[in-house]
Amino acid sequence: MIMLEERWRELADVKDELSERDWFMGTSGNLAIKVSHQPLQFLVTASGKDKRKRTNEDFLLVDEFGHPVEETHLKPSAETLLHLEIYQKTNAGCSLHVHTIDNNVISEIYGDRGEITFKGQELIKAFNKWEEDDILKIPIIHNFAHIPTLARAFSEHVKEDTGAVLIRNHGITVWGRNAFEAKKILEASEFLFRYQLRLLEYKPYQLFKVV
Ligand SMILES: CSCCC(=O)C(=O)COP(=O)(O)O
Ligand SMILES: [Zn+2]
């Protein structure tokens, strides 16, 4: 019980911080945090809520199928299956999904390539890429309306305990071993997207640069 309360507070704090950045426009976005590994249980945001508000109905506990552990009138996020993929395939402890203008525009510009790459950018260190020649690749998947299909496409890119996947004209989902790490990856991704968009304003030919 103490663990559940701790995780609840941790996720609520992350939600507040992302909200301050205005990353939950139009009720978009969903967040999750693992509470237990065996059996797998995690807190996920309730679907359709204004994530800028802090209430005691913000999250609900779901099981290894993404179903509520207890009877509740709340509905788990429509994208719970994506969070579930992360917890089933990795040791991640927290996963975050936000829609921003920057991540949407980047996903559209680079969507046909299936990924965006960054090299020689200090912030890729947030993804544990420390060498000068390291390349960060963020995959971009099609925004399938059928969530189980979206979750299958997403799952192909869930290989490590930390990561990020862009969903074209939809948003980004990131994960990390804990809330701190997941937030770090989300912030670094959004920094890199903003940087890239600004760069393209001044150097449009950078679009054709192959890393
Ligand atoms: C109005 S946003 C469309 C659904 C979505 O993409 C999202 O992130 C929020 O869905 P949820 O069910 O988690 O509220
Ligand atoms: Zn979404």
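Glu17 comes out as partly exposed, because its relative accessibility is 34%; here buried means under 20% relative accessible area, exposed over 50% and partly exposed in between, with a 1.4 Å probe and protein chains only. This is a predicted model, where local features need pLDDT of at least 70, side-chain atom pairs count only at pLDDT 80 or more, and totals for chains, interfaces and linings use all residues. Residues are numbered from 1 along each chain as its sequence is written, chains are lettered from A and ligands numbered from 1 in the order in which they are written, and side-chain values use heavy atoms, leaving out hydrogens and water.

Back to Glu17: its side chain meets that of Lys183 in a salt bridge, 2.8 Å from N to O. Glu17 sits in helix α1 and Lys183 in helix α5 (residues 179-202), so this pair ties together parts 166 residues apart in sequence. Helices (H or I, at least four residues) and strands (E, at least two) are DSSP runs, numbered from the N terminus. Lys183 itself is buried, at 15% relative accessible area. Glu17 and Lys183 also belong to a salt-bridge network with Arg21 and Glu187. Arg21 has another contact too: it lies over the face of Trp23, 5.3 Å from the ring centre (for such a contact, NZ of Lys or CZ of Arg must be within 6 Å of the ring centre and within 35 degrees of the ring normal).

The structure holds 17 salt bridges, each a side-chain nitrogen of Lys or Arg within 4 Å of a carboxyl oxygen of Asp or Glu. Here are two of them.

| Pair | Closest N and O atoms |
|---|---|
| Asp22 and Arg52 | 3.5 Å |
| Arg194 and Asp102 | 2.4 Å |

Arg194 is in helix α5 and Asp102 in helix α3 (residues 101-109), so that pair ties together parts 92 residues apart in sequence. Asp102 counts as buried, at 14% relative accessibility.

Now the rings. There are four aromatic pairs, meaning rings of Phe, Tyr and Trp (its six-membered ring) with centres within 6.5 Å; planes under 30 degrees apart count as stacked, over 60 as edge-to-face and the rest as tilted. One of them is Trp8 with Phe59, edge-to-face at 5.0 Å centre to centre and 80° between the planes. Phe59 counts as buried at 2% relative accessibility, while Trp8 is partly exposed at 25%.
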